[in-house]
Amino acid sequence: MLPWEAEAYWLVRVLFHRGLAAIYLLAFLVAATQFRPLAGEDGLLPIQQYVERHEFRDRPSLFYFYPDDRVITITAWVGVGLSALAFAGLPSWLPTPYAVPVSILLWLLLWALYLSFVNAGQTFYGYGWESMLLETGFLAAFLGAGSAGPPVVVMWLLKWLLFRNMFGAGLIKLRGDDCWRDLTALDYHYETQPIPNPVSWYAHHLPDRFHRLEVLGNHIIEVAVPFLYFAPQPWASVAGAATIGFQGWLMLTGNFSWLNALTIVQAVATFSDGVLASLLPVTTPSVSAPPLYLQAISVALAAVVLWRSVEPVRNILSERQVMNTAFDPLRLVNTYGAFGSITRDRYEIVVQGTTDEVVTADTEWRTYEFKGKPTDPAQRPRQIAPYHYRLDWQLWFAAMAPSPRRSPWFLALLDRLLAGDEATEKLLDSVPFPETTPTHVRAVRYRYRFTTPEERRETGRWWERERVGTYVNPVSEGDLQLARV
């Protein structure tokens, strides 16, 4: 089969669709369990703020018209159900004439429903992988289904998306922090990344020479390799395999939500059925050309993507390149790239409460534990990705500043903890007041660092920390009520 024939990508489409459906399933599960306490009616950033501050045409969402927790919950679980059907390959169960239109409808519904969460989620949905999931899901709708092969032009659009994903990330690093150019970025990254995992401690303590090679390899994989995505086989597959290996290492050493898993799914588009058949014990059925109407739609889609690619390309080529930006309200064609700068010091906010009626120097403070971010120095870092704890991520950003001035949702978090709000407490790993509510809460800012191997052998701790300030002084429920007046 020739690379411009649809029959060359039937198996590729199956793997791509299944992988993408699994990520959608995860994303809707996150929405079902976290959106309401974060951005629902009584969320830390109430959904009414989204309605009042934005026009529908600028940030379209179902919740603009129905800012209701019941609608949010139903929408999330409908998304979970549709994702499960997509993962099971529902369209392919149908007779060939119906498989393609049902597939288009199914994937467009997933895209539209998730767009509603992203556009209404405010700060808690402000991550690059949200737009990436939407853009990838929109293209997936036009790959077809059943015994008909996918339009080859859509496979190339997926390669173009993967290229912008990787190349944008590479350039923003080269243009950004000096530590990427002098190859020292990974001296800091494993320790200061948003949420380290169990392997991060070990990766941090790898030899400096290995870290230099890692950064050099990062530049090669992100800046040079992406051009091979458009090369003939087997070179495109070699580039895809290199990208998958690189993303696998990032998954092994950090928690970046589904960013790495989604990039791996995108990289599947660089393969062909011939290459996959030589690597996997699989065979492909008899495959026909995609319907003429789907081919026509794919050509029109390519024209739209090329038109909407102008701004992302300008951004990539600009010396003032910005990261993870959408240029249209539907998030159809976006620009990507992260970690252009590397933090040298890790700061964490430790939230504590007490049941003392009056706070004194002798007050005993008890600590709230979170599901992902470090708090207890003796707690081993956890593996949570590709799941995404959104509150933990935002706390990493919030801790960069010495006060919550840039994170207005943080005071709302303290307010919910003072009230013993059950939905908010479910976002945490443990609450030190299971049968009562605190009278006061406070937030203390610490600088954290990984223990050395010698320190860990002696103490068993994964982290050492030192207090660097008070993020929020002790407050009661009455204090916060007065602050809102």
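User: UniProt positions are given here in the numbering used for this structure, with feature names shortened, and such annotations may be inferred rather than shown by experiment. Which residues does the annotation "domain: Lipase maturation factor 1/2 N-terminal" cover?

Analyst: This is a predicted model, in which local features need pLDDT of at least 70, side-chain atom pairs count only at pLDDT 80 or more, and totals for chains, interfaces and linings use all residues. Residues are numbered from 1 along each chain as its sequence is written, and side-chain values use heavy atoms, with hydrogens and water left out. According to the unreviewed UniProt entry, the annotation covers residues 125–276.

User: What percentage of residues 125–276 is helix?

Analyst: Helices (H or I, at least four residues) and strands (E, at least two) are DSSP runs, numbered from the N terminus. Over residues 125–276 the end C-alpha atoms lie 35 Å apart and strand accounts for 0%. The helix content of this stretch is 65%.

User: Which element gives the most residues to the lining of the largest pocket?

Analyst: A pocket is an open set of points on a 1 Å grid over the protein atoms alone, with protein on both sides within 12 Å along at least five of seven lines, and lining residues have an atom within 4 Å of a point. The largest pocket has a volume of about 1,000 Å³, and of its 49 lining residues the closest to the centre are K173, F256, L259, A338 and F339. Among the elements that give two or more residues are α7 (128–140), α8 (152–175) and α13 (235–253). With seven residues, the element that gives the most is α12.

User: How many residues in the lining of the second largest pocket are nonpolar?

Analyst: Ala, Val, Leu, Ile, Met, Phe, Trp, Tyr, Cys and Pro count as nonpolar, Asp, Glu, Lys and Arg as charged, and the others, Gly among them, as polar. The second largest pocket holds about 240 Å³ of space, and T123, R406, S407, P408 and W409 lie nearest its centre. Its lining includes five polar and two charged residues, while the number of nonpolar residues is seven.

User: What is the volume of the largest cavity?

Analyst: A cavity is a set of grid points where a 1.4 Å probe fits but cannot get out; points are joined across faces, edges and corners, and a volume is the space filled by probe spheres set on them. The largest cavity is lined by F138, L139, L301, V304, V305, L332 and V333, with the largest share, three residues, coming from α16. By class, this lining has seven nonpolar, no polar and no charged residues. The volume of the largest cavity is about 40 Å³.

User: Is strand β3 largely enclosed or open, and why?

Analyst: Buried means under 20% relative accessible area, exposed over 50%, and partly exposed in between (1.4 Å probe, protein chains only). In a regular strand the side chains alternate between the two faces of the sheet. On β3, R346, E348, V350, Q352 and T354 on one side and Y347, I349, V351 and G353 on the other are all buried. Because nine of the nine residues of β3 (residues 346–354) are buried, the strand is largely enclosed.
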